[in-house]
Amino acid sequence: MGALSVVKAGPTRSSSPPESPKPPRSKAVRGGAGPGARRRRAGLLMVAPALLHAALWIGLPVVAAVLLAFTSYDVLSAPKFVGLDNFRDMLGDAVFRKSVLNTVVYTFFTVPFGMALGLLLALGLNAGLRARGVFRTAIFLPQVTATMAIALVWLWIYNPRNGLFTTLLSIFGVESPAWLASTTWAMPSVILVGIWQGIGMKMLIYLAALQNLPKELYEAASVDGASKVRQLFSLTLPLLKPATFFVLITSMISAFQSFDQIYILTDGGPANSTTMMTYEIYKSAFREFRVGYACAQSLVLFVLLMAFTLVNRRMMGGTRGHG
């Protein structure tokens with residue numbers, strides 16, 4: 001009995017299985033250096049030069065311009081804080097108000113007409129036109145040519161004595177006006193140059209978008225009996241909505257920043273009829289040395305561009321192709 005009681009009273013084995021030992025944590029995981037973290041660090045390392053460049057040459061000048069917009073600064077002396085005086089001066093500056101109006105008029109005509117011509121050219125080149133490479137190069141060439149060179153060529157074209165337009169009009173017995181010296185014809189002449197120079201980039205973007213459209217939709221539309229015109233308005237234009245939004249915004253920014261052709265062709269004249277906002281900013285900063293006032297004008301230009309961009313985005317329903 002004693003032995004039996006000892007055996008019964010002995011320790012019993014647990015019915016639950018023994019716990020499996022936990023695997024040791026990797027040093028890479030404990031140190032936060034997993035594959036994802038390493039990829040993120042590698043990506044940041046690769047974009048660091050571009051970020052540094054943007055911070056130094058874009059970020060700092062923008063911050064400095066915003067701060068100087070509230071100062072009186074002429075380069076020779078230290079900036080003096082003047083609050084909103086520069087913006088009050090702009091409200092009473094007739095030349096600046098004229099430059100804002102001229103910029104809006106220039107943008108209103110160059111952007112839609114340039115986009116329409118660029119789209120028509122892209123549709124023609126996408127339709128299997130012969131010698132497409134030659135036409136594509138010829139149309140895009142003004143985009144990559146220096147604006148100064150283009151302006152000098154157009155100076156000869158607009159020459160009222162022996163220019164190209166004067167010669168062509170003389171064939172029909174029409175007297176050529178003073179294209180760049182007339183308050184009536186100066187702005188239309190500058191607008192024509194702006195449209196001609198910007199067609200190439202618009203055409204190229206539209207052509208790239210057209211070549212990426214799904215051909216299955218057009219095949220199905222042809223089977224359903226849709227004409228080419230119906231396909232253009234029901235398929236092509238809606239599918240080109242993201243490209244159209246991109247072309248619209250970039251074209252507006254380019255139009256608002258027009259300077260070179262104004263500087264060469266008209267110098268803002270005659271009677272400030274072709275003075276743009278960028279040209280007025282240039283005059284305030286580098287001719288009158290009113291750097292603080294020029295920065296305030298630049299800030300107004302930036303706000304106008306942002307406002308137009310947001311309005312266009314709202315009107316086009318964003319950048320989605322079916323939005």
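Trainee: What should I know about numbering and the rules behind the values?

Mentor: Residues are numbered from 1 along each chain as its sequence is written, and side-chain values use heavy atoms, with hydrogens and water left out. Because the model is predicted, local features need pLDDT of at least 70 and side-chain atom pairs count only at pLDDT 80 or more, while totals for chains, interfaces and linings use all residues.

Trainee: What is the mean pLDDT of the protein chain?

Mentor: pLDDT is the predictor's confidence in each residue, from 0 to 100. In this chain, 87% of the residues reach 70 or more, and the mean is 86.

Trainee: Where is confidence lowest?

Mentor: Helices (H or I, at least four residues) and strands (E, at least two) are DSSP runs, numbered from the N terminus. Where pLDDT is low, the predicted coordinates should not be read in detail. Strand 1 (residues 71-72) has the highest mean, 95, and the lowest, 42, belongs to helix 1 (residues 2-8).

Trainee: How many helices and strands does the protein chain have?

Mentor: The chain has 323 residues, of which 33% count as buried. Its secondary structure comes to 15 helices and 2 strands.

Trainee: Is Thr 110 buried or exposed?

Mentor: Buried means under 20% relative accessible area, exposed over 50%, and partly exposed in between (1.4 Å probe, protein chains only). Thr 110 lies in helix 5 (residues 94-126), and beyond four places in sequence it touches Ile 191, Gly 194, Ile 195 and Ala 255. Since its relative accessible area is 7%, Thr 110 is buried.

Trainee: Which side chain makes a polar contact with the side chain of Thr 166?

Mentor: A polar contact is a pair of N or O atoms within 3.5 Å; within protein, one must be able to donate a hydrogen and the other to accept it, and residues adjacent in sequence count only if both atoms are side-chain atoms. Thr 166 is found in helix 8 (residues 164-171) and is buried, with a relative accessible area of 10%. At 3.2 Å, the partner of its side chain is the side chain of Ser 176.

Trainee: Which residue meets Arg 88 in a salt bridge?

Mentor: A salt bridge is a side-chain nitrogen of Lys or Arg within 4 Å of a carboxyl oxygen of Asp or Glu. Arg 88 is exposed, with a relative accessible area of 52%. Both partners lie in helix 4 (residues 85-91), 3 residues apart, about one turn of the helix. The N to O distance is 2.7 Å, and the partner is Asp 85.

Trainee: How many residues apart in sequence are the parts that Asp 267 and Arg 287 tie together?

Mentor: Asp 267 forms a salt bridge with Arg 287, the closest N and O atoms being 3.3 Å apart. Asp 267 lies in the loop between helix 13 (260-265) and helix 14 (277-286), and Arg 287 in the loop between helix 14 and helix 15 (291-316), so the parts they tie together are apart in sequence by 20 residues.

Trainee: How many salt bridges are found in the whole structure?

Mentor: Another pair is Glu 288 and Arg 290, whose side chains meet at 3.8 Å, N to O. A search of the whole structure finds a total of 4.

Technical notes. Contact means heavy atoms within 4.5 Å.
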